[in-house]
Amino acid sequence: MQDEPTPTELVKAVADFLRTEIAPVIKGHNAFKLRVGINALDLVTRQLALETPADAAETSRLKALLGIDGSLLELNRALSEKIAKGEVDLDTPGLKEHLWQTTMDKLAVDQPNYASYKREAGTA
Amino acid sequence: MIETELSRCVADFSPGATGVTGAAKLSGGASQETWTFDIVHPGGNVGAILRRAPPGYGAAPSRAAGLDAEAILMQLAFDAGLPSPRVLHVLRPEEGLGKGFIMSRIEGETIARKILRDEEFAKARPMLARQLGKVAAGIHNLPEAKLPKLRSSSSTKEIAELEREYRSFNWPRPVFELALRWLADHDPGPSREVTLVHGDFRHGNLIIGTDGVRAVLDWELAHFGDPMEDLGWICVNSWRFGEIDKPVGGFGSREDLFAGYEETGRKVDADRVMFWEVMGTLRWGIMCCGMMQRFRIGPDHSMERAMIGRRSSETEIDLLRLLASRGG
């Protein structure tokens with residue numbers, strides 16, 4: 001067992017330091033790069049918080065949809081193959097809901113400020 | 001110093017010029033660079049832009065039109081009265097500057113967020129969609145006989161190319177599979193009319209002033225194909241920068257874009273435009289994945305590239321909004 005603080009707490013502390021102390025004194029192209037870096041750290045924090053429950057739910061949806069067992073990667077490969085072959089499509093019960101839920105969970109980590117996401121999440 | 005080489009040849013294309021000053025690199029990719037500089041002239045300095053592949057650089061990517069073709073296209077656009085820089089000079093090997101060309105510098109803004117938010121563009125924004133429709137039509141009307149040699153593409157070829165690239169990543173994306181399937185099922189086939197297509201007609205490649213569109217840049221992806229491709233690409237949600245209810249670049253409506261286009265006598269096929277919008281959304285998503293690949297295998301191991309990889313999911317939600325809307 002690793003000791004505290006948690007990865008989330010560490011990354012968040014670094015991101016907050018860069019945001020409040022460093023960003024105001026950096027100029028030019030490096031200011032842009034710093035912003036990208038802070039965004040990356042924030043993304044990591046969101047993923048650490050959200051990934052485990054989202055992956056578990058995605059896995060159980062995929063198992064139900066496909067009727068097979070496997071890792072999340074294997075299940076996604078199997079679903080991709082079935083869509084490519086036309087064996088499942090938007091008329092297949094559960095597919096549309098699954099794709100939407102999975103995509104919303106990805107955006108919640110990747111880009112929660114993306115306008116399309118905010119619209120679909122009902123927050124804008 | 002690049003100013004030394006530029007100064008040596010500047011008098012050849014700007015009679016009376018005595019040198020150049022203020023050279024600064026604006027952007028540099030793996031095979032192409034863009035520089036800004038001023039031509040020093042007794043009658044007043046003149047702003048100029050150099051676009052080049054530096055000496056010793058490898059061939060441009062296979063989709064690229066090539067810098068010689070870009071120069072010809074830009075000059076043809078200028079000659080046709082389209083908003084475009086004037087080509088001042090095509091580089092010669094003995095000048096030691098590599099391959100490329102020098103064009104006049106046009107003042108204005110290319111950064112989407114400024115164009116969409118800053119007060120100084122408030123008057124221009126409502127006019128842009130219509131203006132750009134007209135500009136796109138002008139591009140599609142450029143005299144065929146004068147056009148350089150370019151690759152030909154079609155919806156069918158483009159689907160195959162996107163699929164090949166997506167499969168090369170070996171990473172499953174059910175939403176991209178759905179989009180590829182939709183594209184194959186809705187492929188409109190060869191266009192009745194094949195024209196010059198700009199290929200990257202969107203924010204970043206358009207100089208906007210307070211008075212509207214001032215220039216179309218970057219002919220790197222120009223090709224022959226379905227003219228509706230340019231209209232679909234500029235409607236891709238990724239170029240709306242948050243203004244998602246204004247499909248054309250976040251500033252205008254499809255109706256205005258189409259009206260401007262048809263003002264010239266050309267016709268819009270709205271179904272084909274929608275098809276290309278879906279294709280374009282997927283294309284940008286796959287490009288984002290490609291950036292992630294390049295981040296991993298280097299040489300550009302930058303966090304910007306890495307983070308663009310995490311933007312491909314933006315195109316997944318946009319594809320779902322286009323193809324599997326929850327609104328019923």
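Helix 6 of chain B has 13 residues, and its first and last C-alpha atoms lie 18 Å apart, close to the 18 Å expected at 1.5 Å a residue. The expected span of a helix is 1.5 Å times one less than its number of residues, and helices (H or I, at least four residues) and strands (E, at least two) are DSSP runs, numbered from the N terminus. This is a predicted model, in which local features need pLDDT of at least 70, side-chain atom pairs count only at pLDDT 80 or more, and totals for chains, interfaces and linings use all residues. Residues are numbered from 1 along each chain as its sequence is written, while chains are lettered from A and ligands numbered from 1 in the order in which they are written.

Contact means that the C-beta atoms of two residues, placed from the backbone, lie within 7 Å.

Now for helix 3 of chain A. An α-helix has 3.6 residues a turn, so residues three or four places apart point the same way. Just after helix 3 of chain A, Gly86(A) has a positive phi of about 80°.

What does each chain put into the contact between chain A and chain B? Chain B brings 24 residues and chain A brings 28 residues. On the chain B side, helix 6, helix 10 (303-309) and helix 11 (312-323) each supply at least two residues, and helix 11 of chain B gives the most, with 7 residues. By class, the side of chain B that touches chain A has 10 nonpolar, 3 polar and 11 charged residues. In this count Ala, Val, Leu, Ile, Met, Phe, Trp, Tyr, Cys and Pro are nonpolar, Asp, Glu, Lys and Arg are charged, and the others, Gly among them, are polar.

Chain B itself is assigned domain 1 (2-104) and domain 2 (112-325), with bounds that come from an automatic or database domain assignment. The centres of domain 1 of chain B and domain 2 of chain B, taken over C-alpha atoms, are 26 Å apart. Each of the two gives 15 residues to the contact. The side of domain 1 of chain B that touches domain 2 of chain B has 12 nonpolar, 1 polar and 2 charged residues.

As for strands, two of them pair if DSSP finds at least two bridges between them. Strand 2 (residues 33-40) and strand 3 (residues 46-53) of chain B pair in the antiparallel sense over 7 bridges, with Val46(B) in strand 3 of chain B as the bridge partner of Ile39(B). The two form a hairpin with 5 residues between them, and Gly44(B) in the turn has a positive phi of about 120°. Strand 3 of chain B also pairs with strand 5 (residues 99-104) of chain B, antiparallel over 6 bridges; there Leu50(B) stands opposite Ile102(B). Elsewhere, 4 bridges join strand 7 (residues 206-209) of chain B to strand 8 (residues 212-216) of chain B, which run antiparallel. Ile207(B) has Ala215(B) in strand 8 of chain B as its bridge partner, and this hairpin has 2 residues between its strands.

Arg240(B), in the loop between helix 7 (228-233) and helix 8 (254-262) of chain B, is buried, with 23 other C-beta atoms within 10 Å. Pro15(B) lies in the loop between helix 1 (2-13) and strand 1 (19-28) of chain B and counts as exposed, with 8 C-beta neighbours inside 10 Å.

Terms used
Buried ≥ 20, exposed ≤ 12 C-beta atoms within 10 Å, placed from the backbone.
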